[in-house]
Amino acid sequence: MLITLIARDKPGALQTRLDNRDKHVAYLKESGVVSQAGPLLDAEGGMIGSLVILEVEDMAAAEAWAAKDPYKAADLFESVELIPWNKVI
């Protein structure tokens, strides 16, 4: 099943994002369940959050993946949503 993770950074947390970005990107690549991923951007092109599409067995697997994300360990996010997604195109 496909699960979309939509996370919004805490205000003023760009440095936290940058400090942990290499670990986060490595986790995306090594986990084997990420279909697509990238930062959410503000009007000026600054990173303000994350969009990750996971291909996992169930919601529990998505929750377990999100719990191990280095960005979570760094306390970067103000909010995180895990939403089942149906790819049409």
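Predicted model: local features only at pLDDT ≥ 70, side-chain atom pairs only at ≥ 80, totals over all residues.
Biologist: In what order do the four strands form the open sheet?

Modeller: Let's build it from the pairs. Seven antiparallel bridges join E2 to E3, and another seven, also antiparallel, link E1 to E3. E1 also pairs with E4 (residues 77–85) over eight antiparallel bridges. That gives the order E2-E3-E1-E4.

Biologist: Nice! Which are the edge strands?

Modeller: An edge strand here pairs on one side only. The edges are E2 (34–41) and E4.

Biologist: Is E1 largely enclosed or open, and why?

Modeller: The helices are worth a look here. H1 packs on the sheet and touches E1, E2, E3 and E4, while H2 lies across E1, E2, E3 and E4. Six of the eight E1 residues are buried, so the strand is largely enclosed by the rest of the structure.

Biologist: Which elements give two or more residues to the largest nonpolar core?

Modeller: This core has 15 residues, and Leu5, Val52, Leu54 and Trp65 have the most contacts inside it. Leu54 touches residues including Ile3, Val34, Ala62 and Trp65. The contributing elements are E1 (2–9), H1 (14–31), E3 (47–55) and H2 (59–68).

Key. Residues numbered from 1 in each chain as written. Heavy atoms only, no water. Core = buried A, V, L, I, M, F, W, Y, C linked by side-chain atoms within 4.5 Å. Buried < 20%, exposed > 50% of the residue type's maximum accessible area, 1.4 Å probe, protein only. Contact = heavy atoms within 4.5 Å. Pairing = 2+ DSSP bridges. Axes fitted to C-alpha atoms, helices over the stretch in contact; angles between N-to-C directions. Lists of a residue's contacts leave out its neighbours within four places in sequence.
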